[in-house]
Amino acid sequence: MARYDSLLDACGGTPLVGLPRLSPTVPDGAPPVRLWAKLEDRNPTGSIKDRAALFMVRAAEAAGRLRPGDTILEPTSGNTGISLAMVAKLRGYRLVCVMPENVSTERVQLLRMYGAEIIFSPAAGGSNQAVATAKQIATEHPDWVMLFQYGNEANARAHYETTGPELLHDLPTITHFVAGLGTTGTLMGTGRYLREKVEGIQIVAAEPRYGELVYGLRNIDEGYVPELYDATVLSRRFSVGTRDAVLRTRQLVEVEGLFVGFSTGAVLHAALAVAHEAVRDGRRADVAFVVSDGGWKYLSTGAYGGTLAEAEEALEGQLWA
Amino acid sequence: MAIEVRIPTILRSYTGGAKVVEGSGDTLNDLLTDLDSRHGGLRARLVTEAGALHRFVNVYVNDEDVRFLGALDAKLSDGDSVTILPAVAGGALGFAAAAAISRHSAAAGAIAQHNAGRRSPATAG
């Protein structure tokens with residue numbers, strides 16, 4: 001048991017648990033291939049984003065960008081908003097989140113409960129409208145501070161300084177690290193640290209492949225690659241579709257008792273792919289992957305029940321990771 | 001057997017609206033050349049004049065990013081499945097808005113500095 005001075009001090013230090021039932025079986029005499037899950041849902045607000053939020057706020061404080069009573073602006077409907085809301089509350093800042101008005105009610109309720117204020121951008125206008133709203137807000141409030149997780153080095157540094165060392169301490173025999181690719185902070189920070197310490201380690205990215213509606217909005221010339229992304233840190237990168245992500249999410253709770261969000265299902269799919277390759281090649285493997293959050297916030301999608309086809313339909317057009 | 005290629009909505013004007021087309025080739029480069037012979041203009045949207053994959057295009061062979069498999073030289077086999085997608089990170093709406101504010105703030109800062117520089121001699125005069 002451990003004791004902490006405040007909730008912020010309880011960030012990180014999450015358990016790494018073995019998954020003996022999901023790990024592939026190897027032939028007699030062959031080297032072991034084992035799967036390990038890093039339970040980031042055990043952070044203060046229930047997701048891996050607590051690490052990045054805390055590091056980004058501390059870095060802005062150290063640089064003099066944030067002073068007591070300042071307002072932080074974050075365009076997010078996801079876990080980063082919830083993490084920032086908790087950190088802002090405890091460090092004495094006001095948080096304003098910009099999000100499309102068609103996000104789930106759980107998100108809105110959680111953010112308000114943690115004390116965040118919400119500005120909605122009209123759903124009808126899609127991403128162009130969200131961008132226009134964001135620009136307008138920035139014009140009206142030039143003094144608000146945006147931490148910009150996609151380009152903030154403290155996001156990746158959080159994982160270089162905490163997630164990476166924790167993994168190496170708990171699993172010195174690690175051969176593969178697998179995580180979801182969004183802002184790319186988890187993979188860049190943890191990946192850099194492990195590459196420095198473990199010869200031959202494989203850093204594997206799993207990115208969600210959404211339904212067509214999500215991509216349909218975007219022109220190729222308007223694409224975006226996060227400023228933090230450095231492809232040389234990665235060994236491989238997998239695209240995981242909705243059906244595979246749902247299948248693995250259900251498998252985790254059915255076989256190992258882990259109730260996770262759909263992005264973790266996508267990560268497990270990639271982890272199993274590299275684990276099975278190791279079995280085929282007769283190589284030893286300790287594959288650690290990130291459980292970025294629990295399944296609670298996604299229950300209202302209905303995708304935890306019914307057939308796979310029904311779940312896939314329920315998630316169509318949604319940003320499920 | 002041929003190679004199945006999934007086309008994103010935004011590029012279906014080149015395939016007569018088809019979501020999935022078929023092609024052949026030993027490498028991704030060969031496949032794109034083969035596709036371009038029937039769907040003229042498609043290749044130019046994916047490959048830059050310098051001969052690299054466009055920065056905002058992701059191509060996957062059997063769900064794995066080709067940039068880690070040799071990019072345009074990635075080897076293909078009959079029965080492979082190729083998926084072309086625009087580059088979109090997680091939380092599409094959030095990052096689009098965040099990038100907009102970031103660019104806007106940078107521009108606003110530059111303009112403010114520029115104006116301050118212009119104003120000071122005038123004020124002095």
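Q: How do I read contacts along the sequence? In chain B, of the contacts between residues at least 6 apart in sequence, what percentage join residues at least 24 apart?

A: This is a predicted model, so keep that in mind throughout. In chain B, 46% of the contacts between residues at least 6 apart in sequence join residues at least 24 apart. For chain A, residues 24 or more positions apart account for 72% of the contacts with a separation of 6 or more.

Q: Is B:Ala87 buried, partly exposed or exposed?

A: Here you count neighbours: the cut-off for buried is 20 or more other C-beta atoms within 10 Å, and 12 or fewer makes a residue exposed. B:Ala87 has 19 other C-beta atoms within 10 Å, so it is partly exposed.

Q: What does B:Ala87 touch, leaving out residues up to four places away in sequence?

A: Check the chain letters as you read the list. From chain A there are A:Gly223, A:Tyr224 and A:Val225, and from chain B there are B:Phe56, B:Val57 and B:Asn58. As for B:Asp36, which is 51 residues away along the chain, its C-alpha atom is 21 Å from that of B:Ala87.

Q: On to chain A. How is chain A divided into domains?

A: Watch out for a domain made of two stretches of sequence. Domain 1 of chain A takes residues 7–43 + 155–312, while domain 2 covers 49–146. Their centres, taken over C-alpha atoms, are 26 Å apart.

Q: How many residues of the two domains are in contact?

A: Count each side separately. Domain 1 of chain A puts in 17 residues and domain 2 of chain A puts in 14. On the domain 1 side, helix α5 (residues 153–170) of chain A gives the most, with 6 residues. That side divides into 5 nonpolar, 8 polar and 4 charged residues.

Q: What can I say about the overall build of chain A?

A: Set its radius of gyration against a rule for a globule. A compact globule of 321 residues would come out near 20 Å, and chain A has 20 Å, so the two agree. The C-alpha trace spans about 65 × 45 × 40 Å along its principal axes. Inside, you will find 10 helices and 10 strands, and 52% of the 321 residues are buried.

Q: How do I read strand pairing around β4 of chain A? Which strands pair with β4(A)?

A: For each partner, note the sense and the number of bridges. Strand β3 (residues 71–75) of chain A pairs with β4(A) in the parallel sense over 5 bridges, and A:Ile72 faces A:Leu95 in β4(A). Strand β5 (residues 117–121) of chain A also pairs with β4(A) in the parallel sense over 5 bridges; there, A:Cys97 stands opposite A:Ile118 in β5(A). As for cover, β4 (residues 94–100) of chain A has 5 of its 7 residues buried.

Q: And nonpolar cores? Where is the largest one?

A: In soluble globular proteins, nonpolar side chains tend to be buried together. Here the largest nonpolar core has 90 residues, and A:Val178, A:Val267, A:Ala270, A:Ala271, A:Val287 and A:Phe289 have the most contacts inside it. Helix α9 (residues 262–281) of chain A gives the most to this core, with 11 residues. Both domain 1 and domain 2 of chain A give residues to this core, so it lies between them. Apart from it lies another core, of 20 residues, including B:Leu31, B:Leu35, B:Tyr60 and B:Ala74.

Q: Which residues does A:Val287 touch?

A: Skip residues up to four places away in sequence, and the list is A:Leu35, A:Trp36, A:Thr175, A:His176, A:Val178, A:Ala271, A:Val274 and A:Ala275.

Terms used:
Residues are numbered from 1 along each chain as its sequence is written. Chains are lettered from A and ligands numbered from 1 in the order in which they are written. This is a predicted model: local features need pLDDT of at least 70, side-chain atom pairs count only at pLDDT 80 or more; totals for chains, interfaces and linings use all residues. Domain bounds come from an automatic or database domain assignment. Two residues are in contact if their C-beta atoms, placed from the backbone, lie within 7 Å. Helices (H or I, at least four residues) and strands (E, at least two) are DSSP runs, numbered from the N terminus. Ala, Val, Leu, Ile, Met, Phe, Trp, Tyr, Cys and Pro count as nonpolar, Asp, Glu, Lys and Arg as charged, and the others, Gly among them, as polar. The radius of gyration is taken over C-alpha atoms; the globule rule is 2.2 Å times the number of residues to the power 0.38. Two strands pair if DSSP finds at least two bridges between them. A nonpolar core is a set of buried Ala, Val, Leu, Ile, Met, Phe, Trp, Tyr and Cys residues joined through C-beta atoms within 7 Å.
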